[in-house]
Amino acid sequence: MFSVLIFTVGLVKAQNTLFTLMPSKETNISFVNKVIETDSLHIMNYEYLYNGSGVGIADFNGDGLSDIFFSSNSGDNKLYLNKGNFKFDDITNKAGVKGNGTWATGVSVVDINGDGLPDIYVCHSGKFPDDKLKNELFINLGLKAGQPVFKEMATAYGLDAVGTQSTQAAFFDYDNDGDLDMFLLNHSNQTYKPFLNTRKTRATPNMKFGNRLFRNDSKDGKPAFVDVTLSSGIINNALNFGLSVTVSDINNDGWPDVYTSSDYTEQDCLYINNKNGTFSERIRHSLKHISKYSMGADIADYNNDSRPDIVTLDMLPEDNRRQKLLKGADEYDQYHLLLDSGYYKQQMRNMLHLNEGTAEDGYLRFSEIGQLAGVSNTDWSWAPLFADFDNDGWKDLFISNGYLRDFTDMDFLKYTVSNAQKESLKQGNLKFQTFDLVKKMPSNQISNYIFSNNRNLTFTNKTIDWGISAPSVSNGSAYADLDNDGDLDLIICTINAPVMVYKNNAEQSKSNYLKIKLVGSGLNTEALGAKIYIKSAENSQYQEKYVVRGYQSSVDPINCFGLGSQNKADRVRVVWPDGKESLLQNVKSNQMLTIRYEEAKIIKNDVIAKKPVFTDVTLQSHLQYKHVENEFIDFKGETLLPYELSKFGPAMAKADVNKDGLEDVFIGGAIGQPGKLFIAQKDGSFNVADSKCWEEDAQSEDVNAVFFDANGDGSVDLWVVSGGNEYDDGAPEYQDRLYFNDGKGNFSKAKGALPKMLSSKQAISTGDFDNDGKIDVFVGGMSKPGSFPLCSKSFLLKNETANGIVKFTDITKELAPELEYPGMVVTALWQDLNKDGYPELLIGGDWMPLMIFKNSKGSLKQDEDAGLKNTEGMWSKISAMDVNGDGKMDFVVGNCGINNQYKTTQEQPMTIFADDFNKDGVLDPIMCYYIQGKNYPMASRDELLDQMVQFKKKFLNYRSYAEVSIDQLFTPEQIDKSQKFYCKQLQSLILINDGNGKFSVKPLSVEAQFSRVWGIVIDDFDKDGIKDILLSGNFYPYRVQLGQADASLGLLLTGDGKGNFKAVSPYESGLYIDGDVRNMLEINGPSKRIIVVKNNDEAQVIKVNN
């Protein structure tokens, strides 16, 4: 009775989840992809041994049910015929598809000969002689005794690719001639050494290991594929470790493009179709960084804006223990050596590249937001699949996961291997990479992942809730509606265990769906490359018809759309590969809709191009300035810094310096680079002014600047803030500088006007804080050089100019003692909040809260009741704006954003514990953040030991450190004694003023959280009479293990006058501001210009249209 009760409860629980794992005894699918390791075959002598098998879905016998084909690494392939109700028959032998006995990998299902019957292309790789290593093409000959029969014909078609190490093939019509061509993804089997003969290897074609492109030249029913790799622009060499190939018309020009992922440090490739039979590789123009060990990939429109997005997978774990077991020493030197050797910016994590459209220069732009979306850390992952699994009208994301033996484990690599090598040498044996050593590798079965689309660019992990948390070693995967109930089931390949078939129970939620079967023409009967657009009352959706997706697999060729609560689609539009269209209105839900090419028409769509709000006019402006950062690596002196402090420039300020009615621009330089003054011309361009007076101060780092009338002569003078982290505290190069204007735009350096200010600073704001008619200055101290996160002194400087003698006096201690050391101040702004003539001061910065200092007739004191508690963040810009039109000044404040590894809340803040923990006279900043509810140090074991060598005795190996939280790293007494610096709020936001001295926090939209915000401009950009917000940012100097924050392309937020703002995408606004932005100003003139300065990069000039 008790056991029956347990079974019943378990059954109920399974039925309540979205997916149910079907027992193999019930489905009759008993296939196991066996990987048998021996002394002659193991991971040490074939690195892709554990990469797994693939799966392909199609209705092979034409009965309306999706059948399943599995490739097999070491045994026979398997073909299972769907008999309905999740029952399958193994017809492999009768069908003739068991394979040639070599290592089968990727599966591509395609009707290659245009007879309406799906064929199967199977890739092969492994340790075999070249003449034995051949890919296979199983041609579907139709039914015999009610079952499909196949004939292997790869050689006849010219597609056997003898001797290649192949991973996957993708069929597509790249030249738009009506037949299907083939991209063949291969991989090298050579030991990878990234710095050995790299240039020579890249320049040498290699047909065994390099990727290849085959053009379909079949005529009159006679198959013929021609290798056009070397004339097509496809990169072909032995530095290739291809793991996935995905096809999509990613720039929406009517021609299919190709994305390939590559393992190790060789880069992925984005091939843009040139429409003339060739491709151009454009990844560096379009993607700011990529996955390091790229595995599977998928391309689909996940945010329903009709633009395909890209997801690639890597190996970064979700939990702290696994992360610490994989992470070794700091990788700064290795990373930059790779960049110098021609490799690209890569991080070990999943990447989600949001398609932001095509910029004026003709290149696609993407924002990588995988961390913000919550899908960056899924461990050793293989197949990503975008699909609407719950039929709510938004694509979710499935990720297969697992690896048979973990040879990235640092303990294994550093200690187990080393010990084995020593033992082997003792016995006089140089061969230590044996099967016995392999068996010592840790083996982890881990869960697959599935994420629900939150409809706001982010996902929620639903792995447990949706019922797919069974641990496994999974790889190739596909989706299909196996039981024709309108939802997508999952088929997942595993190693040394039965494949996993998950039944989708979405039909129980009564969500509606629409399935679409496209019938093409000629040699493209499945209409590969067609585009389907569906509009309903709830949303618009877009899918492309390509079946090779994820990893080594092909999904069901029937396109399935969830409609949520809608019982009809208002419009279904199909754009066929040749540009013809089919249009259907008011289509009922919950049916399979067949749409045929023969009914398509040529439809003229008169699209009126909307004039963008912004246009890049950098070249026309003649504002030619490139900030050149001096060579300095902060991490060499301060081992545990989370980011470099020497890269916070350049400075920029604007004013009409020569009184011609046009605003001019000063841009500061890095150490060794003098600043420049650009004089505005009536035609909107700029001329460079004489720069001799800046040259003598070129050894200072210009991080901020402001024009104001310092001496009361009616002309604007220039104050330049000196910052950075290159010099020791107290160095004369940290002294700020004041330059007097003669009224004609000629400047000379003031002598003796400023007090000693010999430490690093960042923020500056001017205002008459004591209401005496003279402009005073606040300068915010940044990090104390060599002592992060301790702050340098900040300065409240009273303008005591008299009798022609300019003098600024430090009165901080007397009138604003709390302002001396408030934190690492990055941004500041004077604003008279109570309209008494005495402005208040609002400041923010790194690892400190936003703070308002109330002004009592020239005396400043922090306002503890302003509503700004728990706002500790990484604030970089404050701008004043009455966002809701109530006459009270609000503030728009830029922060570091939430597209990071670290997630923080008031209850679980990011924290730096700072003290000289090991008593060696050096401050130890231990940065921590919460992972799955516990507070862990960010530093890897090796990074920690570099700072505090004494821990070597405590943490003898990586495993001993892998689960150490901050409470276990130090004693309670040490933690209590340490100084603590917090980040509790990372979102850029608006401070809403209630008029009574209190502010409430309102985060900006998710698009504003892509990266750190450094530039804010307030104006009515869309000319509707209501002020809007323009943002720009990014931050590149993070530690290598975190990677650069580069997802921002600038953002226009249009206001409604009530305090609400709507994000306008770059492809709508025309705004593309990439790079490591540090400041942005609006210049008034004949037409408005936006000037953007960037660290170690060219300045950018943008025209505001209208």
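**The largest cavity and its surroundings**

Tutor: The largest cavity lies between domain 1 (19–406 + 442–509) and domain 3 (513–599), because both domains give residues to its lining. Domain bounds here come from an automatic or database domain assignment. The model is predicted, so local features need pLDDT of at least 70 and side-chain atom pairs pLDDT 80 or more, whereas totals for chains, interfaces and linings use all residues. Residues are numbered from 1 along each chain as its sequence is written, and side-chain values use heavy atoms, without hydrogens and water.

The space in this largest cavity amounts to about 230 Å³ (a cavity is a set of points on a 1 Å grid over the protein atoms alone where a 1.4 Å probe fits but cannot get out, and lining residues have an atom within 4 Å of a point; points are joined across faces, edges and corners, and the volume is the space filled by probe spheres set on them). Its lining comprises 24 residues, of which Tyr-479, Gln-543, Glu-544, Arg-549 and Asn-559 are the closest to the centre. By class, 14 of the lining residues are nonpolar, two are polar and eight are charged (nonpolar: Ala, Val, Leu, Ile, Met, Phe, Trp, Tyr, Cys and Pro; charged: Asp, Glu, Lys and Arg; polar: the others, Gly among them). At least two lining residues come from each of β19 (297–300), β24 (381–387), β35 (540–544) and β36 (559–564) (strands are DSSP runs of E, at least two residues, numbered from the N terminus).

The loop between β35 and β36 holds Gln-552. This residue has a positive phi of about 55° although it is not a glycine, and at a relative accessible area of 3% Gln-552 is buried (under 20% relative accessible area, with a 1.4 Å probe and protein chains only).

Consider next the nonpolar packing. Phe-70 and Phe-389 touch the most other members of the largest nonpolar core, which has 70 residues (a set of buried Ala, Val, Leu, Ile, Met, Phe, Trp, Tyr and Cys residues joined through side-chain atoms within 4.5 Å). This core also lies between domain 1 and domain 3, because both give residues to it. Beyond its neighbours within four places in sequence, Phe-389 is in contact with residues including Phe-398, Trp-466, Tyr-479, Leu-488 and Ala-506 (contact means heavy atoms within 4.5 Å).

The search of the whole structure returns ten cavities of 30 Å³ or more.

Technical notes. Buried < 20%, exposed > 50% of the residue type's maximum accessible area, 1.4 Å probe, protein only. 1 Å grid on protein atoms, 1.4 Å probe; cavity = no way out; pocket = protein on both sides within 12 Å on 5 of 7 lines; lining within 4 Å. Helix = DSSP H or I, 4+ residues; strand = E, 2+ residues; numbered from the N terminus.
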